[in-house]
Amino acid sequence: MNKKTIVVKFGTSTLTQGSPKLNSPHMMEIVRQIAKLHNDGFRIVIVTSGAIAAGRHYLNHPQLPPTIASKQLLAAVGQSQLIQAWEKLFAIYDIHIGQLLLTRADIEDRERFLNARDTLHALLDNHIIPVINENDAVATAEIKVGDNDNLSALVAILVQAEQLYLLTDQQGLFDSDPRKNPEAKLIPVVEQITDHIRSIAGGSGTNLGTGGMMTKIIAADVATRSGIETIIAPGNRPNVIADLAYEQNIGTKFIAHQSDRLESRKQWLFAAPSAGIITVDEGAQNAILEQNKSLLPAGIVNVEGRFSRGEVVKIRTQSGKDIALGMPRYNSDALQLIKGRKSADIENVLGYEYGAVAMHRDDMIIL
């Protein structure tokens, strides 16, 4: 049995097929493919857009003021319609699904991250397909992931997936905008996401969804740096999901950085926003970047923000460049007291010590 874990993200345009409502026949075809893979032993996770479109259709396209509350109203109504649509279709194949609604707050908090990860693994271990969406009905700008492309990359990290499929209304990434240039050519493989690759990613293709090609590039960057192969592919191509799972070349494949594959603690670090900044001197900078060493108190020149031990902080050079993310062994108050001092002085200064390093190499990711 194949145990490969795959996260499949469906944009609104894929689920509606350009119409103002969910396209049930197309969703049925999606479910047929996933059901086959599920029965073949693949572990499939769905990240689904479409709640707002479903809510708007269910309420018969009401005239609402252009406010966040209106979007959240549509999401609140539409989310139940969306999950019912998935549930009814999977029931045809006797497959159970489980719904998770996530925000960035669920991913930035270490304990909630682990709880979400454990829930996802429990669902998969019990042959239940997780169906995930951002919790738009309650999310504020501060806690939103922002779009389901980036959410799917973070979910792929959560479940330690091998692959992430971003299904869209485009064939993949082209060397120029195919809607404007009929000579545009599909890029089949991207070895590394460079500034050039970012520059050729255009804007949003439809007014139903929130994501464009740029959000997919950002999501692919996050996923591939965590060792997860990412593919942008056309959601309306017949049998696209099954063909991708069985290694057919479709769309644009972004090669995973396997040599940089991060263990789960470091993957969480990569996903979480920082709670503060530790500025280091040139010696500490070289020790971290060139010698693969931990950060010692002696190398710290400044501490910004209030944070607890174990929260994610940035490591910054004196010239202002962020070079790493990590979890310090000491909180911000303690670091203020021991910065610039020798490790042997820690216990005398604080009255306790959690070891000789301010941040261990194992709790650090180089940016």
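Which residues does T168 touch, if we don't count residues up to four places away in sequence? Keep that one in mind while we get our bearings, and remember that what you're looking at is a predicted model.

Let's start with the whole thing. The protein chain is built from 14 helices and 13 strands. It has 367 residues, and buried ones make up 51% of them. Now think about contacts in the chain between residues with a separation of 6 or more: 72% of these involve residues 24 or more positions apart. We'll meet some of those partners as we go.

Back to T168. You'll find T168 in strand β5, which covers residues 163–168. With 7% relative accessibility, T168 falls below the 20% cut-off, so it counts as buried. And here's the answer to the opening question: T168 touches T14, K216, I232, A233, P234 and G235, leaving out residues up to four places away in sequence. Two of these names, T168 and K216, also turn up in an unreviewed UniProt entry, where the annotation "binding site" covers K9, T168, D169, T210, G211, G212, M213, M214, T215 and K216.

UniProt also places a "binding site" feature, again from an unreviewed entry, at S49, D136 and N148. Let's visit two of these. S49 sits in the loop between β2 (43–48) and α3. Its relative accessible area is 10%, so S49 is buried. Setting aside neighbours within four places in sequence, S49 is in contact with K9, F10, G11, T12, L15, L82 and N148. So what about N148, is it buried or exposed? N148 is buried, with a relative accessible area of 9%. N148 belongs to helix α7, and, apart from neighbours within four places in sequence, N148 is in contact with K9, V47, T48, S49, N133 and E134. Notice that K9 is on the contact list of S49 and also on that of N148.

Since we've landed on α7, let's see how this helix packs. Two packed helices are described by the angle between their axes and the distance between the axes. For α7 (residues 148–158) and α9 (residues 213–225), the angle is about 15° and the axes are 8 Å apart. Angles under 35 degrees count as roughly parallel, so α7 and α9 get that label. The crossing of α7 past α9 is right-handed. On the α7 side the contact uses D149, N150, A153, L154 and I157, while α9 brings T215, K216, I218, A219, V222 and A223. Sorted by class, these residues are seven nonpolar, two polar and two charged.

Helix α9 also holds D221. At 18% relative accessible area, D221 is buried. Beyond its neighbours within four places in sequence, D221 is in contact with I193 and R198. The C-alpha atom of D221 is 9.7 Å from that of N150, although the two residues are 71 residues apart along the chain. T194 lies in the loop between β6 (189–190) and α8 (195–199), and its relative accessibility of 34% is why it counts as partly exposed.

Now for helix α4, which packs with two other helices. How do α3 and α4 cross? The axes of α3 (residues 51–58) and α4 (residues 68–91) come within 6 Å and cross at roughly 90°, which makes the pair roughly perpendicular. Residues A51, I52, A54, G55, R56 and Y58 of α3 meet K71, L74, A75, V77, G78, Q79, Q81 and L82 of α4. This contact has eight nonpolar, four polar and two charged residues.

The other partner is α2 (residues 24–39), whose axis comes within 10 Å of the α4 axis and crosses it at roughly 55°. The two helices are therefore oblique to each other, and their crossing is right-handed. From α2 come S24, M27, M28, I30, V31 and I34, and from α4 come A85, W86, L89 and F90. Here the classes are nine nonpolar, one polar and no charged residues.

One last stop: S332, in helix α13 (residues 332–338). S332 is counted as buried because its relative accessibility is 3%. Not counting residues up to four places away in sequence, S332 touches V303, G305, R306 and F307.

Terms used:
Residues are numbered from 1 along each chain as its sequence is written. This is a predicted model: local features need pLDDT of at least 70, side-chain atom pairs count only at pLDDT 80 or more; totals for chains, interfaces and linings use all residues. Side-chain values use heavy atoms; hydrogens and water are left out. Axes are lines fitted to C-alpha atoms, for helices over the stretch in contact, and angles run from 0 to 180 degrees between N-to-C directions. Helices (H or I, at least four residues) and strands (E, at least two) are DSSP runs, numbered from the N terminus. Angles under 35 degrees count as roughly parallel, over 145 as roughly antiparallel, 65 to 115 as roughly perpendicular and the rest as oblique. A crossing is left-handed if the near helix is turned anticlockwise from the far one by less than a right angle, and right-handed if clockwise. Contact means heavy atoms within 4.5 Å. Ala, Val, Leu, Ile, Met, Phe, Trp, Tyr, Cys and Pro count as nonpolar, Asp, Glu, Lys and Arg as charged, and the others, Gly among them, as polar. UniProt positions are given in the numbering used here, feature names are shortened, and annotations may be inferred rather than shown by experiment. Buried means under 20% relative accessible area, exposed over 50%, partly exposed in between (1.4 Å probe, protein chains only).
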